[in-house]
Amino acid sequence: MMRELLNGSEAIVRGAIDSGCNFFAGYPITPATPILLHMLNEIPKVGGVAIQAEDEIASIGMCIGAVMAGSKAMTATSGPGISLYSESIGLAIMAEIPLVIVDCQRMGPATGAATTGAQSDTQFLRWGTSGGFPVIVLAPINILDCYRLTRHAFNLAERYRVPVFIATDKEMVATAITVECGSFPEILKKERRVVPEQEEFVPYRIKESSEVPAMSSIGGPHIVRMTTSSHDEHGYLTKSPEVLNHLNRHLNEKIEKFVNEIVLTRADLDAGAETLLISYGVTAQSMFAAVELARRQGLLISALGVETLWPVPERAIRDAMQEVKKIIVPELNSGLYRREIECLARPQQEVIGINRVDGELITPEEILEKGLAPS
Amino acid sequence: LNTTLESYIDKNKLPLPFCPGCGHNTIVEKLNIALVKLQLDPKKVVLVSDIGCNGLSDKYFNTNAFHGLHGRSVTYATGMKLANPELHVIVLIGDGGCGIGGNHLIHAARRNIGITVLVFNNFNYGMTGGEHSVTTPQRMKTTTTPFGHIEQPFDICQTVSVNGAGFVARTTTFDENFSDLIVEAISHDGFSLVDIWELCTAYFVPKNKFTRKTLNETLKELDFSQGVIQQTSRTEYSRAYRCLYGKGISQPELPIGKLVTKFESKLSTPLRIIIIGAAGMKIISAATIFNYGAILAGLWTSQRNDYPVTVKSGFSLSEVILSPQEVVFTGISKPDVLLILFPEGLEKGKPYMDRMTKDDILYINADLLPISTRAKTVPLKFSKGKKRYWALASLAKVLRHAGIYPLNALKEAVALHTKFADEYTAILEADRELVRIA
């Protein structure tokens, strides 16, 4: 039996390389730096380019340029870096640039607590740029998921041409576990949909609003025009109400209409359970451990691990909470995702948060205590 | 190219949208002349434009184009060139873009990335209403400097020159031959920049009675020279990168970390161990080796580390879980075994010591006693010196004292799966002398 000790940053990097990632630009920031270091080592082996840029703004800018020239690109940072990425996240939404962004979250606003993990950016990643348009955010629960969701992130980025975030944190990227060598799941690699050489290429031409246009690389067989401004199908600036309406509806609908194809959840439900636990990221580790503890005591309990934070997997959440009286949402923040659950709960259902903002992890025992307390 | 291209401008889209007399008209015309002279494949040319009136110009060219955010054009251009060095990447940026994106300009020059930057420099923000820019000369009036400008103007050419730009030139739209400078800039294999001074007839000209004459006088007054300012032959970055890091130079794979089970452990329930020491004292490395040993003995493990923001000062901590089953939750609130080796770890260890019960074991540097805990306390005496090995020696001592898994598994982990096998093997041979139970 061949085994290894693997941490989350290594798993993400392997996921990226196996996805065909051949461009990485990043700027050092705790706790995301290990991803930069691994990518600087691994990318040259596949003939790509990895670079430490002068700042976060340049990091994501270089990635966007590389994608337009045909690369599959990823960048990694922490919350303060996402703040600096903000305008370019908007650009990637508007210009429809497939891009994977890893957020190794740390605690607090601004510099915060650099070496302390947290789930601080749960809402920020969804709403972190102007305009209010959708992005996709995945949150791995454990280290093998870091690999699996990175693979999904690249596929989703290509399929929907949006920035796809991997919301992880210090607890995942700097923590290692034993894994069986070769136990990464097989996931089909989605290649970029490109317009064939002999066909006419109009950069943003689509038949239906929810359709995602095929690409052509700058330097390839067509003349390519892309833009960060509101544009017509040729990529030309426009103020035409009809065209603007079409563009803005398209940027929403290409995600909203496919929510059920995008979302990933992990349900472990007991028929007849009165309590449902809902969590994500590292706190979902504690949640599933709590479920194990409860069942060993002969108790009924249900749990839903949310792997796609955005778009919200509303159907899976509604299905899971159908029979229960009480919903517990453990998070390492003051309740940032709980508000999404509250929107979906029925009035008679109680939604209770377990929230820590002291840098300590929420333990399975803490979850169990709240989960089993009489309401 | 098989056929000669007479123009790179799409005549169907003309006329240009700029004000009458605006220098942008001339720059677009001269860029077209330069491209015609060079006869580059339009599919290999990309114009990366920035915010401001200049950002309207790429639309008129039959080449690839990307219109991006204010001041960030150099970053996209860099990404494109890195991804595909065959591209001729031409950045169209204004003096505003050079202000907000000045940092990128400096580092692109320093890197010598093979892009060409054409600066449409008209000393103010023409698109947003005539505000001052980083290149507005002193005393000049703009909507944001109604009584005259106080700041010294940004010398774009000198800034990129002193930072290693490959080709730098300055010109004005009144120079009949400046398309030749653009040809030279695009042909240069490295970072190139042409700072093109021009008139903004909407704002800067009427506000300052600015003319061709005053433009030339301003250049003289500032002692800003025209023509080629710098030309060097440093290796272009994307080529240099591929030479140094390119395919085929991959590092050999080390056998470190691939572990085959060949020992046995009698552990039947998860065991939670925390080792706390001082930064720089190889706490985390020792915990990793300890984990390797456990994996060789067939256990599943996890390792969660904690440390302050400093590197070589303060505490260093590793939480290790060893288990006969896969580890689901990687956190530890109460350890079964706690090691505190250095005074830096005492405060961090206190909450754990408070939670521990009589069934738990605390291994603690005897110099740190007395402490209060319900855990069974095992004082450790260290021989002076070799502090960087205390952690590994202590973990070996725990194996001798408490079992858990065979010491030989740890020895094999050290011998086969560390970079400093000889050094660490010697420590394990001598661990009885390095640390003993007091």
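Buried means under 20% relative accessible area. Both Glu54(A) and Arg111(B) meet that cut-off in this predicted model, and the two form a salt bridge across the chains. Chain B and chain A bury about 5500 Å² between them. The largest nonpolar core has 155 residues.

**Interface of chains A and B**

- The contact draws 68 residues from chain A and 65 residues from chain B.
- Of the area buried between the chains, 58% lies on carbon and sulfur atoms.
- On the chain B side, Tyr241(B), Trp300(B) and Phe329(B) lose the most area to chain A. Together they account for 11% of what that side buries.
- There are 22 residue pairs in polar contact between the chains, both residues at pLDDT 80 or more.
- Elements of chain B that each supply at least two residues to this side include α2, α4 (102-111), α9 (237-245) and α10 (283-296).
- By class, the chain B side has 25 nonpolar, 27 polar and 13 charged residues.

**Salt bridges**

- Side chains of opposite charge can pair when their charged atoms come close.
- The whole structure holds 42 salt bridges over all chains. Five salt bridges cross the interface of chain B and chain A.
- Arg225(A) and Asp58(B) meet through their side chains at 2.4 Å, N to O.
- In the pair of Glu54(A) and Arg111(B), the closest N and O atoms are 2.7 Å apart. Glu54(A) sits in the loop between β3 (49-52) and α3 (56-68) of chain A, and Arg111(B) in helix α4 of chain B.
- Glu96(A) pairs with Lys254(A), with the closest N and O atoms 2.8 Å apart. This pair links distant parts of the chain, 158 residues apart. Glu96(A) is in the loop between α4 (79-95) and β5 (99-105), and Lys254(A) is in helix α8 (residues 241-256). Both Glu96(A) and Lys254(A) are buried.
- Asp145(A), Arg148(A), Arg266(A) and Glu307(A) are joined into one network by salt bridges that share partners.
- Lys45(A) and Glu42(A) form a salt bridge, their closest N and O atoms 3.3 Å apart. Lys45(A) is partly exposed because its relative accessible area is 23%. Glu42(A) is also partly exposed, at 28%.

- In soluble globular proteins, nonpolar side chains tend to be buried together.
- Within the core of 155 residues, Ile35(A), Met74(A) and Phe191(B) have the most contacts. Helix α6 (residues 143-160) of chain A gives the most to this core, with nine residues.
- Beyond four places in sequence, Ile35(A) touches Ser9(A), Ile12(A), Val13(A), Phe24(A), Met74(A), Ala76(A), Val102(A), Cys104(A) and Val173(A).
- A second, separate core has 52 residues, including Leu5(A), Met281(B), Tyr389(B) and Ala413(B).

**Covered helices**

- Phe154(A) is in helix α6 of chain A. Phe154(A) counts as buried because its relative accessibility is 2%.
- Contacts of Phe154(A) beyond four places in sequence are Ala16(A), Ser19(A), Cys21(A), Lys72(A), Ala73(A), Met74(A) and Val100(A).
- Helix α6 (residues 178-187) of chain B is mostly covered, with seven of its 10 residues buried. Among them are Phe178(B), Leu181(B), Ile182(B) and Val183(B).
- The cover over the buried residues of α6(B) includes α1 (23-38), β3 (88-94), β4 (115-121), β7 (167-172), β8 (192-197) and β9 (227-231) of chain B.

- Thr75(B) lies in helix α2 (residues 73-83) of chain B. Thr75(B) is buried because its relative accessible area is 1%.
- The Thr75(B) side chain reaches the backbone oxygen of Arg72(B) at 2.7 Å.
- Beyond four places in sequence, Thr75(B) contacts Ile57(A), Ala58(A), Gly61(A), Met62(A) and His104(B).
- Ser286(A) is placed in helix α10 (residues 281-296) of chain A. Ser286(A) is likewise buried, at 1% relative accessibility.
- The Ser286(A) side chain reaches the backbone oxygen of Ile362(A) at 2.7 Å.
- Beyond four places in sequence, Ser286(A) touches Ile362(A), Thr363(A), Pro364(A), Ile367(A) and Phe329(B).

Technical notes. Residues numbered from 1 in each chain as written. Chains lettered and ligands numbered in written order. Predicted model: local features only at pLDDT ≥ 70, side-chain atom pairs only at ≥ 80, totals over all residues. Heavy atoms only, no water. Core = buried A, V, L, I, M, F, W, Y, C linked by side-chain atoms within 4.5 Å. Buried < 20%, exposed > 50% of the residue type's maximum accessible area, 1.4 Å probe, protein only. Helix = DSSP H or I, 4+ residues; strand = E, 2+ residues; numbered from the N terminus. Contact = heavy atoms within 4.5 Å. Polar contact = N/O pair within 3.5 Å; in protein donor to acceptor, adjacent residues only side chain to side chain. Buried area = accessible area lost by both parts, 1.4 Å probe. Salt bridge = Lys/Arg side-chain N within 4 Å of Asp/Glu carboxyl O. Nonpolar A, V, L, I, M, F, W, Y, C, P; charged D, E, K, R; others polar.
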